[in-house]
Amino acid sequence: MKSKIKVENLTKYFGDKKVLDNISFEVYEGEIFGLLGHNGAGKTTTLRILAGIIEDYEGYVEVNGRIGYLPEERGLYRDEKVVDVLKFFGELAGMKKDEIIKSIDYWLNKLKISNYKNSKIKELSKGNQQKVQFIVSVIHNPDIVILDEPFSGLDVVNVKLLRDIIFELKEGGKTVILSTHQLEKVERLCDRVLILKKGKAIHYGKIEDICRKMAYIEYLDNGKLIKKEMPYEEAIKILKEKSEDVIKFEVRYSLEELFLVEQ
């Protein structure tokens, strides 16, 4: 697979505080890569380095392609119209005027906010502002899309809409880096993940390879049907003790369980 991002021995200090401690990872073309960790783990600092916002660091960072970046905090001009804000960011990205207009119309329609084209940013709901911020990150057709908490402020319907769009980006050959606290979204979306803890990489790879194993089991206990999700080892014990009474047994993997263990 073609490498789009390669990071080796990345270390970053803010003053005397080490916020990234010798982390290494690689992100490939056409994959959705999750960057996870508790608050203060170093996720946003890593994303800002990849996006070229932070340039003062130790280690090696190679980015092969054009970057689009959606930050966790919004960077929109609240008193300006949606169309004018998007035009501005398109121009910053070096796009031609006709390309900008075409891309704006496409993405406003795609995200179902075409009717807000001439509205001021401050007149939009939090969710629709988030949609505009997302458009800023993809308006110039980047090769690599970095998304920091992209589902913030979105309701269930629009979470699904954005999730489907992220899948479409992947299917179109784009590389997506996703950072979110919504672990169920990571499990559904990501091909591989990097988990940080206090600036150090503690897990890296496919979710099923790094997650603590969980199991779902249904069995009869004195004629009563029991349905439980539990650690794999406990389920295996029941499976052995009550093999004739077990109706269903499935191995599962849980990022949430892993995070609780690593807390």
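Predicted model: local features only at pLDDT ≥ 70, side-chain atom pairs only at ≥ 80, totals over all residues.

Residues are numbered from 1 along each chain as its sequence is written, and side-chain values use heavy atoms, with hydrogens and water left out.

The domain assignment gives domain 1 (1–65 + 143–210), domain 2 (77–139) and domain 3 (212–261); such bounds come from an automatic or database assignment. The centres of domain 1 and domain 2, taken over C-alpha atoms, are 24 Å apart. To their contact, meaning heavy atoms within 4.5 Å, domain 1 contributes 14 residues and domain 2 eleven residues.

The size of an interface is often given as the accessible area lost when the parts come together. Here domain 1 and domain 2 bury about 960 Å² between them, with carbon and sulfur atoms giving 71%; buried area is the accessible area (1.4 Å probe) that two parts lose on being put together, summed over both. On the side of domain 1, Gly153, Leu161 and Ile165 supply 37% of the area buried against domain 2, more than any other three residues.

Between domain 1 and domain 2 there is one salt bridge, defined as a side-chain nitrogen of Lys or Arg within 4 Å of a carboxyl oxygen of Asp or Glu. In that category, Glu168 pairs with Lys110, and their closest N and O atoms are 2.7 Å apart. Lys110 lies in helix H3 (residues 97–110) and Glu168 in helix H5, so the pair ties together parts that are 58 residues apart in sequence. Helices are DSSP runs (H or I, at least four residues), as are strands (E, at least two), numbered from the N terminus. Lys110 is partly exposed at 23% relative accessible area, and Glu168 is partly exposed at 37%; the term covers values between buried, under 20%, and exposed, over 50% (1.4 Å probe, protein chains only).

How many salt bridges does the structure hold? The structure holds 14. Among them, Lys160 and Asp164 approach to 2.9 Å between their closest N and O atoms. Both Lys160 and Asp164 lie in helix H5, four residues apart, about one turn of the helix. Lys170 and Asp191 also meet in a salt bridge, at 3.0 Å from N to O. Finally, Lys18, Asp21 and Lys200 are linked in a network of salt bridges.
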